[in-house]
Amino acid sequence: MKVHRRLLGLAGVCAATGGVVAIAATQAQAGHTRASAASAPKQIVVGTLYASSGAYAADSIPQYDGVKFWVNQMNKQGGVYVAAYKKKIHVKLVAYNDQSSPTTAATLYSQLITQNHVNIMIPDFGSVLTAPAVSIAQDHHQLLFDATASGTVFFTPNNPYIVGAGIRNSAFWPDPLVQFLVAKHIKKIAILYDANDFDAAQAATLDHGLIAHGVKPVYYQSTATTTTTYGTLIDSIAATNPQAVIELGYNTNDIPFLNTLPSAGHKFNMVFTVFPGQLPQLFQQQVGTKNLGYTYTYATPPLVPYPKVNLGLNTAQFSRAFKAAFPSQAVDYPAMAGYGTALIAQEALNKATSFSQLAMRRAVGNASGKLTTAIGQFKITKDGEEEGEFLPVGQVFPSHGGTAIKVVYPTNLATTKAKYPAPKG
Amino acid sequence: MVLYALIAGVLIGLFYGFAALGLSLAFGVLRVVNIAHGDVIVLGSYLAYELSTQAHINPLFAIPIAVPLAVALGMAFYRFVAPSLGRSSDPEMVSLILFFGVSQVIEALATIGFSVNQDTLLTGPIGNGAVRILGQSFPNYYPAAAAVAVPGALLVMFYLYRSRLGLATRALMSSRADAMLSGIDVDRTSALSFGIALALAASAGALSVYVNGGVAPTDGPGLTTTAFAVVVIGGLGNPGGALVGGLVFGLAEQFAQSYEPNWAGLVPYVLLLAVMLVKPEGLLGRRVRYA
């Protein structure tokens with residue numbers, strides 16, 4: 001009995017101690033998150049990575065410039081407004097060079113979180129370089145503002161620490177393309193895609209979408225993302241006599257693919273690749289008018305302008321201001337995605353009532369469907385995937401010694417009619 | 001598809017063999033694995049690219065320009081580093097680290113000097129049309145690559161088997177100590193061999209800019225890996241084996257691309273493992289190394 005009473009006493013002391021500790025911890029947490037202006041940090045640290053060399057440099061550098069542009073804009077205005085502290089705070093950008101290496105990126109993402117204690121984290125360009133950040137950020141309870149990683153695998157119900165703030169989930173990208181192919185009664189379709197999350201998600205959507213319309217692709221194969229030699233692959237595709245050839249890769253794949261097509265001696269009625277619409281200047285330079293002419297691509301901002309926005313600059317304003325800030329840098333989609341993503345982070349800081357990562361995630365969730373930026377509507381699924389942005393089908397037309405990409409589908413957005421089949425010669 | 005893969009495999013394979021020839025020669029003579037080999041190929045590609053885009057000269061003219069430059073550079077480099085390597089207690093390891101450093105320096109300089117993006121030539125070595133071989137259409141750089149690789153390899157073979165310097169080089173490949181004892185100027189022969197090895201790599205660069213769809217500063221390590229796999233399949237240190245290894249590598253890659261594209265990057269290396277298990281010295285390793 002005495003022992004029992006002692007145990008009860010001990011339990012009581014433990015409970016009381018635990019309670020005190022819990023209250024103290026809660027107060028400390030509240031002090032940290034529901035902060036007053038007096039306790040506000042001196043600066044909001046935005047962390048990101050970029051690749052100055054390697055396979056993703058062409059996309060990564062402009063995305064990084066887009067983020068830099070936003071940081072400069074904010075600081076010119078006296079800082080970003082942080083609702084949790086009810087004041088504007090100066091923004092500091094911390095960026096490291098991962099040289100297109102996912103292994104290096106993994107180390108640097110950890111460094112951004114554990115050493116630099118970033119408040120806002122924007123991963124590097126694309127699925128390959130974002131992939132290492134996802135689990136690291138989740139483990140450290142750091143919210144990732146994903147700019148251009150559009151693979152579906154990143155967004156899961158049990159991970160609230162990622163939000164698609166820039167590019168639309170790539171699984172949704174081919175929807176207009178499927179509709180276009182069906183509308184054109186194109187039945188024999190060859191699909192070659194790279195074995196990575198970004199391209200595989202598009203290929204799966206395309207395949208399922210076509211099969212749902214009774215069209216089974218005559219060629220459906222994946223190849224390594226490192227592929228740059230396409231002669232044999234094109235010959236295999238040509239053997240199936242397709243009316244349309246869809247090649248889903250990164251720009252380092254699209255460029256040699258497009259360049260090999262004419263020299264391989266095959267001409268297809270329709271050729272679609274992913275990146276000419278995002279990096280038109282690069283493709284004009286590396287592929288040229290002859291090889292690029294009359295091919296198809298996703299049309300992205302600034303090719304698809306958003307004149308009416310309720311956050312940040314509209315597409316035309318951004319293009320002008322960005323060109324003035326970075327005269328040597330083309331205004332392309334990755335730059336806009338970097339800027340658009342930073343705007344969503346700005347919204348999170350503007351609206352989150354406490355200065356915690358989950359509060360910012362909630363603020364972003366609340367803004368879903370209510371914001372339009374220079375890259376389109378911001379709308380996310382419950383798992384955080386961006387689904388608001390729309391990528392029409394564009395076609396490349398020869399124009400004044402160069403090329404111009406025009407929207408050809410859907411018809412309500414089209415600026416011209418598709419030239420199908422592509423002219424021979 | 002079989003015929004296409006077969007012809008493409010042979011044509012591309014000859015290029016792979018040619019691109020690996022210098023690595024094999026350097027290893028055979030100096031017993032060092034030049035892991036900057038791929039970076040020298042990249043420099044050759046940039047020379048071809050600049051000639052074509054700036055001077056509007058056919059990129060294949062990079063070869064006669066690159067050869068004397070690379071030979072001179074290789075000989076000077078050998079003279080500069082050989083004494084340090086000779087003094088080292090572990091010259092193989094030191095050379096590995098040295099060439100790793102060289103690789104990094106070349107990559108960094110190429111990143112500064114050229115675009116970070118991949119640079120692509122819009123015009124093929126013989127125009128933009130296709131070439132038909134046995135009823136199959138190929139990009140014209142396939143046969144062009146083979147047409148350069150075959151005489152290039154034959155010249156190396158002629159040098160090795162029909163010249164006094166070649167005889168000295170083969171003696172060095174067989175035994176450095178015996179070569180010294182028989183009065184061969186080991187340093188001069190080694191320096192020349194290293195220069196020729198670099199010249200072969202730079203020459204392959206003029207073709208690589210087509211075969212690999214362009215050139216980027218970071219392409220070097222990937223090219224070194226391919227070249228290394230080729231020379232190991234054929235027989236490390238045996239220039240003839242490099243050509244055989246190139247053919248095996250090219251055929252494996254092209255057949256995989258035809259029938260299971262996703263495996264195209266894997267199949268040649270599986271083959272490499274198989275060769276290592278069955279004939280660890282490589283397909284032609286024994287015949288020439290101990291000749």
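Which side chains meet in a salt bridge of 2.9 Å, N to O? The side chains of K351(A) and E347(A) do so, as Figure 1 sets out.

The model is predicted, with local features requiring pLDDT of at least 70 and side-chain atom pairs pLDDT 80 or more, while totals for chains, interfaces and linings use all residues. Residues are numbered from 1 along each chain as its sequence is written, chains are lettered from A and ligands numbered from 1 in the order in which they are written, and side-chain values use heavy atoms, leaving out hydrogens and water.

Figure 1. K351(A) and E347(A) both belong to helix α12 of chain A and stand four residues apart, about one turn of the helix. Helices (H or I, at least four residues) and strands (E, at least two) are DSSP runs, numbered from the N terminus. E347(A) is buried, at a relative accessible area of 7%; buried means under 20%, exposed over 50% and partly exposed in between (1.4 Å probe, protein chains only). In helix α2 (residues 57-76) of chain A, D65(A) and K68(A) are three residues apart, and their closest N and O atoms are 3.4 Å apart in a salt bridge. D65(A) counts as buried because its relative accessibility is 6%, whereas K68(A), at 25%, counts as partly exposed.

**Figure 2. A salt bridge in chain B.** The side chains of E281(B) and K279(B) form a salt bridge of 3.2 Å, N to O. E281(B) is partly exposed at 21% relative accessibility, and K279(B) is partly exposed with a relative accessible area of 28%.

Figure 3. E385(A) is placed in the loop between β13 (376-378) and β14 (393-399) of chain A. This residue is buried yet has no salt bridge, and K382(A), the nearest side chain of opposite charge, is 7.7 Å away. Lys and Arg count as positive and Asp and Glu as negative, with His and the chain ends not counted. Apart from neighbours within four places in sequence, E385(A) is in contact with T152(A), F155(A), N169(A), K379(A) and I380(A), contact meaning heavy atoms within 4.5 Å.

**Figure 4. The largest cavity.** A cavity is a set of points, on a 1 Å grid over the protein atoms alone, where a 1.4 Å probe fits but cannot get out; lining residues have an atom within 4 Å of a point. Grid points are joined across faces, edges and corners, and a volume is the space filled by probe spheres set on the points. The largest cavity holds about 210 Å³ of space. Its lining has 20 residues, and N259(A), S263(A), L121(B), Y141(B) and Y210(B) are the closest to its centre. The largest share of this lining, five residues, comes from α8(A).

**Figure 5. The second largest cavity.** This cavity contains about 60 Å³ of space. Its lining includes A165(A), G166(A), I344(A), E386(A) and E389(A), and β13(A) gives the most, with three residues.

Conventions:
A salt bridge is a side-chain nitrogen of Lys or Arg within 4 Å of a carboxyl oxygen of Asp or Glu. On a 1 Å grid over the protein atoms alone, a cavity is a set of points where a 1.4 Å probe fits but cannot get out, and a pocket is an open set with protein on both sides within 12 Å along at least five of seven lines; lining residues have an atom within 4 Å of a point.
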